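Open the model in your viewer and keep the selection panel at hand. The stops below go from the whole chain to single residues.

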Amino acid sequence: MLTRKQHQLLLYIDDHLRRTGYSPSFDEMKDALELRSKSGIHRLISALEERGFLRRHHHRARALEVLRLPNMGTEVTAATGTAFLPAVLNQGQKGLEGAFSEASVANDLQTVSIPLYGRIAAGLPIEAMQDDSDRIDVPVSLLGTGEHYALTVAGDSMIEAGILDGDIAIIRRRETAENGQIIVALIDEQEVTLKKLRRRGSMIALEAANRDYETRIFPAERVHIQGRLIALFRQY
């Protein structure tokens, strides 16, 4: 059982990690929860660590890892007895209308079936891979708004980002991304690759996460973003 503030902070950190790839600062967390001091954030993080929801990497700056999310039902606060309802996108739900109503609160064991396309090094545009005969079930709690698909990773160009050959990348389809985010990029309408995005003026750099691979730089008009990595599945 989490308090309302603990629950809010956990969801905020998880959302920030998914959007940016790194954890929020203490000032950002303080402002997001409308607290007066950062000491309150320290106490909340310590409580979440003790309960097994969060891990703090002490030797890295701004390094928080969400280990698990609570069941996406109502979480009753010990202090007030009131319920905090997180926004959850149910299967088939468009947008977030009614996201805080009881009807839209889903259990984190619920899944949504999304298309599983080919290997990402196959050298084909996503549109050429669109065969919905292969699908994968993904927990609702991993997804947000928008359309999603999955790709099987081929190769070792992103191993230093923890992305291994054979992993299944869960992608949120979108045409824009921020610097530092890992994207699916379509190059010259022919080649698809999973790389970290860097913009350099009118150029786009696609960075590997493996020192054996060079950064590839293209004029912006040659690169089309086809989605952003939000999760990985791995089988052992």
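Two strands pair if DSSP finds at least two bridges between them. Keep that cut-off in mind for the sheet stops. One caution before starting: this is a predicted model.

**Stop 1: the whole protein.** Show everything as a cartoon. The protein has 4 helices and 13 strands. Now colour by burial. Of the 236 residues, 45% are buried. Switch to a surface. Contacts come next. Among those with a separation of 6 or more, 56% link residues 24 or more positions apart.

Stop 2: Select its strands. In what order do the 9 strands of the open sheet run? The order is 6-5-7-8-13-9-10-11-12, with mixed pairing. Now highlight residues 135-139, strand 6, and residues 216-219, strand 12. Both stand at the edges with a single partner strand each, so one side of each has no neighbour in the sheet. Look along the sheet as well: from one strand to the next, the twist averages 45 degrees.

**Stop 3: strands 10 and 11.** Select residues 191-200 for strand 10 and residues 203-207 for strand 11. The two run antiparallel, and 5 bridges join them. Zoom in on Arg 199. Opposite this residue, in strand 11, stands Ile 204.

**Stop 4: Thr 152.** Move to strand 7, residues 148-152, and pick Thr 152. Is Thr 152 buried or exposed? Thr 152 counts as buried because its relative accessibility is 16%, and the cut-off for buried is under 20%. Display its contacts, leaving out residues up to four places away in sequence. Leu 116, Tyr 117, Gly 118, Arg 119 and Ile 120 are among them. Gly 166, Asp 167 and Ile 168 also touch Thr 152.

**Stop 5: Thr 145.** Step back to the loop between strand 6 and strand 7, where Thr 145 lies. Thr 145 is partly exposed, with a relative accessible area of 37%. Along the chain, Thr 145 and Arg 172 are 27 residues apart. Their C-alpha atoms are separated by 8.6 Å.

**Stop 6: rings and a charge.** Show the aromatic side chains. The structure holds 1 aromatic pair. Then select Arg 68 and Phe 53. Where does the charged end of Arg 68 sit? It sits over the ring of Phe 53, 4.0 Å from the ring's centre.

How values were computed: Residues numbered from 1 in each chain as written. Predicted model: local features only at pLDDT ≥ 70, side-chain atom pairs only at ≥ 80, totals over all residues. Heavy atoms only, no water. Phe/Tyr/Trp six-rings, centres within 6.5 Å; stacked < 30°, edge-to-face > 60°. Lys NZ or Arg CZ within 6 Å of the ring centre and 35° of its normal. Axes fitted to C-alpha atoms, helices over the stretch in contact; angles between N-to-C directions. Buried < 20%, exposed > 50% of the residue type's maximum accessible area, 1.4 Å probe, protein only. Contact = heavy atoms within 4.5 Å.
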